[in-house]
Amino acid sequence: MREEGRGYRLFTRRRVLQGAGAVALSGISTGAYATGIEPFRQVVTAYAIKPNPAAPWPAGLSLRIAVLTDIHACDPWMSLERIAGIVAATNALGADLVVLVGDFVAGQHYVTRYIPAAEWAPVLAGLTAPLGVYAVLGNHDWWEDPAALRRGAGPTEAGTALTRNGIRVLSNEALPLATRAGPVWLAGLEDQLALLPVRRRTARGRVGLHDLPATLAAVPDGAPMILLAHEPDIFAEVPARVALTLSGHTHGGQVRLFGWSPVVPSRYPRRYVYGHVREASDLVISGGLGLSIAPIRLGVPPEIVMVELGAEAAV
């Protein structure tokens, strides 16, 4: 099902550079750090979340979920060697499940080489977890694929490469994971901004290929469920029966000063920015690993997210 995406303004070079201007005001050394050091850092951010009472969840079950998103493979910012290091670091965490939440493809022009899917996907194939490795696609995985945009449908180069390398890509579908406490369903939403308008100045906005009702309908009533959605905006429509939604896309604003991000690619720029959000259910927005539009990160270093779902208290 194709749904019309309500328009909002994503990162543009002008807006990001306006945000970067705030960084420059704090001095040249800060600017150098934001372009030369923080984009190459890597941290592990941990969350411990007990699902809300309205979400079915097996008593006593705790799942460790490693989340990788917004890799944006390109030289020099996200080389194959760096991706291999991320794979090794993720495997060392011993997660039960690894999920990749979109935007594998580079989303900026300040690169020395765009790394093709045929090169980065085999590196990601090194990820391992007892319950498997699963992925959804992001907006740049569509936008940088002219053939898929012309068709208005997949397959995409990114999705095909992941599938060929043993990583299951979920597109408005769900499947059961065999945990020690019984099946936990993993649902994956197709991208909410997948198709660019035919004319850049059209008022229609970007068109999503997501279908939340059909995706949720694939999960039996009363079954525990985790949802993967590249953009977090869909969380406003996610019902309480979903134990956890995992998203990326925002990069935490990519520049974050004292907990405030001047530019956020969202219809809800103050609501869904970064971190753990609890509304009807729970959402975790990763700050991601790579760079989009401009090669700047400040206050939101590249991160691998580890969520312990079923734990008693958030950390």
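I began with the convention for handedness: a crossing is left-handed if the near helix is turned anticlockwise from the far one by less than a right angle, and right-handed if clockwise.

I noted that this is a predicted model, where local features need pLDDT of at least 70, side-chain atom pairs count only at pLDDT 80 or more, and totals for chains, interfaces and linings use all residues. Residues are numbered from 1 along each chain as its sequence is written, and side-chain values use heavy atoms, leaving out hydrogens and water.

**The α3/α4 pair**

I looked up how α3 passes α4 and found a right-handed crossing. Helix α3 (residues 80-92) packs on helix α4 (residues 117-124) at an angle of about 20°, with the axes 9 Å apart. That makes α3 roughly parallel to α4 (angles under 35 degrees count as such).

Which residues make the contact (heavy atoms within 4.5 Å)? From α3 I listed Leu-80, Ile-83, Ala-84 and Val-87, and from α4 Glu-119, Trp-120, Val-123 and Leu-124. By class I have seven nonpolar, no polar and one charged residues; Ala, Val, Leu, Ile, Met, Phe, Trp, Tyr, Cys and Pro count as nonpolar, Asp, Glu, Lys and Arg as charged, and the others, Gly among them, as polar.

**Helix α7**

Next I checked α7 (residues 157-164), where Ala-158, Gly-159, Ala-161 and Leu-162 are buried (under 20% relative accessible area, with exposed meaning over 50%). Seen down the axis, these buried residues fall within an arc of 165°, so they line one face of the helix. The face turned away carries the exposed Glu-157 and Arg-164.

What covers the buried residues of α7? The cover includes α4, β8 (133-136), α5 (139-143) and β9 (168-169).

Conventions. Axes are lines fitted to C-alpha atoms, for helices over the stretch in contact, and angles run from 0 to 180 degrees between N-to-C directions. Helices (H or I, at least four residues) and strands (E, at least two) are DSSP runs, numbered from the N terminus. Angles under 35 degrees count as roughly parallel, over 145 as roughly antiparallel, 65 to 115 as roughly perpendicular and the rest as oblique. Contact means heavy atoms within 4.5 Å. Buried means under 20% relative accessible area, exposed over 50%, partly exposed in between (1.4 Å probe, protein chains only). The arc is that of the directions from the helix axis to the C-beta atoms.
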